[in-house]
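Subject: Structure for you to look at

Hello,

Here is the structure I said I would pass on. Please open it first, then read the notes below it.

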Amino acid sequence: MKYCYSLSLALLILSSCTTAQTPHPRKLKFPPLKFDPPKAEEHTLSNGIKVILVENHELPTFQMALWVRGGYQNESLDKIGLGGLFQSVMREGGTKNRKPDALNQELESMAATVETWVNEEAAGMRCSSLKKYMDQTLDLFCDVLFNPAFSEDKLRQRKQESLEGIRRRNDRPRPIATREFRTSLYGSKHPSGWRTEPDTINAITRSDLVSFHKKYFIPKGAMISASGDFNTDEFMKKLEKLLGGWTGEAPKMSTPAQVKKEFKRRVILVEKEVAQSTIRIGHLGLKRHNPQRYAYIVLNEILGGASFTSRYVREIRSRRGLAYSVWSYFTEGRDYGMILGGGQTKAESTAQTIELMLQMMKEITEKPVTDQELTLAKQSIINSFVFRFDSLARVVRQQLHLKYYGYPDDYLQNYTRKIESVTKEDVLQVAGKFLHPEQTVILVVGNSKKFDKPLSAFGKVETIKLRDYSAALKRN
């Protein structure tokens, strides 16, 4: 008993001494974070397909992705939604050699995947499996790539699901706000402002899917990323055998409608009887590859991008308790991206929240940010950068993505250095150049009868009436 007491006393004294000597966490010093993403190898198949790959022998698995020069921006206005249907039916519709159920069973028996996808500027496929099933998975991948059946039954099923999604699209405020804000910025003829409608979905036929596949799934401009437990030379020989003979004429890409970059105050109300108002505030922003993007990344982190240290969160959420979620972010497009802020607040504090967001946008264009804000923002961005590369598969996919969209080869290697070099003067300059708080589009989805001030306090109000799709969909 005495021994236990003495030991406890000694441990307590030692703990006290250790605590006294340990500095406060805020005073701890760490060396600068240095992270060099692993460099992938680049090869080229005989038909010109670029292959970016990394060997990884830690696990007996492999992953591969194929990108082709297509995308839903090439759809016609009378068939908006073609890309979404295509990406589902190409894979789920089976192939000319395998019925959908047989294809699914074969993949499931190996715990393998084959998927297809389409976004605005690209389309493609991806697959994964254990190393021992790599050859079988690649065979299935190529069967879907070259011989999709585009099953009428699967197309009909997906069209019905799309129509049901349209019928219910006005159920939730946040998707409404996102959709209507994008259309208000880009217009209904620009791909970023498009929306599916019953007529555009009903107009899509199996022959449209076949034509999309024939036009865009060709090797010209295609890229492949791969990582996993393979030998590079052997893997390249497999790809050459499977894909080297793939041919096709380069597609004539349509030129999507261009958006005119202009700034003017617009106030848009989407009337909906809900307890909370959903707010979007912003305007058009940066084009892809803008050299000042690094300073804007830091600016956005300070304004509303960081979880708990941004100005929006500190003032609107923490200090005033007006919103649980409030944020800012930006996109970079081939044409123009968006600069956007938003959040949700109770209807009775709608105008107050808008006023605060506009005020903070204005302040960041007029006065330099503080040293502490700049340091915290840069540390947050740089420290989170490494989480983009928690696996070699993500590394190689990221490098393919950057190459496809024309980023320089040393983009990843220089990213943290360029963020670290951003100054307060840089942030103030890009704020003055790219932020226009007096000329924003302000969109609110909510019950205007409960607002603390009418939205007309911010400008002339345009009202959007949500369409009731019940009648239109009864005809289908």
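Thr-183 counts as buried, at 17% relative accessibility; buried means under 20% relative accessible area, exposed over 50% and partly exposed in between, with a 1.4 Å probe and protein chains only. Before going further, note that this is a predicted model, in which local features need pLDDT of at least 70, side-chain atom pairs count only at pLDDT 80 or more, and totals for chains, interfaces and linings use all residues. Residues are numbered from 1 along each chain as its sequence is written, and side-chain values use heavy atoms, with hydrogens and water left out.

Thr-183 sits in helix α6, residues 173-186. Helices (H or I, at least four residues) and strands (E, at least two) are DSSP runs, numbered from the N terminus. Setting aside residues up to four places away in sequence, Thr-183 touches Ser-188, Gly-193 and Arg-195, where contact means heavy atoms within 4.5 Å.

Glu-301 is another buried residue, with a relative accessible area of 15%. Helix α10, residues 293-305, contains Glu-301. Its side chain makes a polar contact with the side chain of Ser-380 at 2.8 Å. A polar contact is a pair of N or O atoms within 3.5 Å; within protein, one must be able to donate a hydrogen and the other to accept it, and residues adjacent in sequence count only if both atoms are side-chain atoms. Not counting residues up to four places away in sequence, the residues that Glu-301 touches are Ala-306, Ser-310, Ala-377, Ser-380 and Ile-381.

Next, the nonpolar cores. Each is a set of buried Ala, Val, Leu, Ile, Met, Phe, Trp, Tyr and Cys residues joined through side-chain atoms within 4.5 Å. The largest has 66 residues, and Tyr-296, Val-298, Ile-316, Ile-354 and Leu-435 touch the most other members. Beyond its neighbours within four places in sequence, Tyr-296 is in contact with Leu-286, Phe-330, Ile-339, Val-430, Phe-434 and Leu-435. A second, separate core has 50 residues, including Leu-66, Leu-239, Trp-246 and Leu-473.

Finally, the whole protein. There are 17 helices and twelve strands, and 48% of the 476 residues count as buried. The C-alpha atoms fill a box of roughly 75 × 70 × 50 Å, taken along the principal axes. Among contacts between residues at least 6 apart in sequence, 83% join residues at least 24 apart.

Regards
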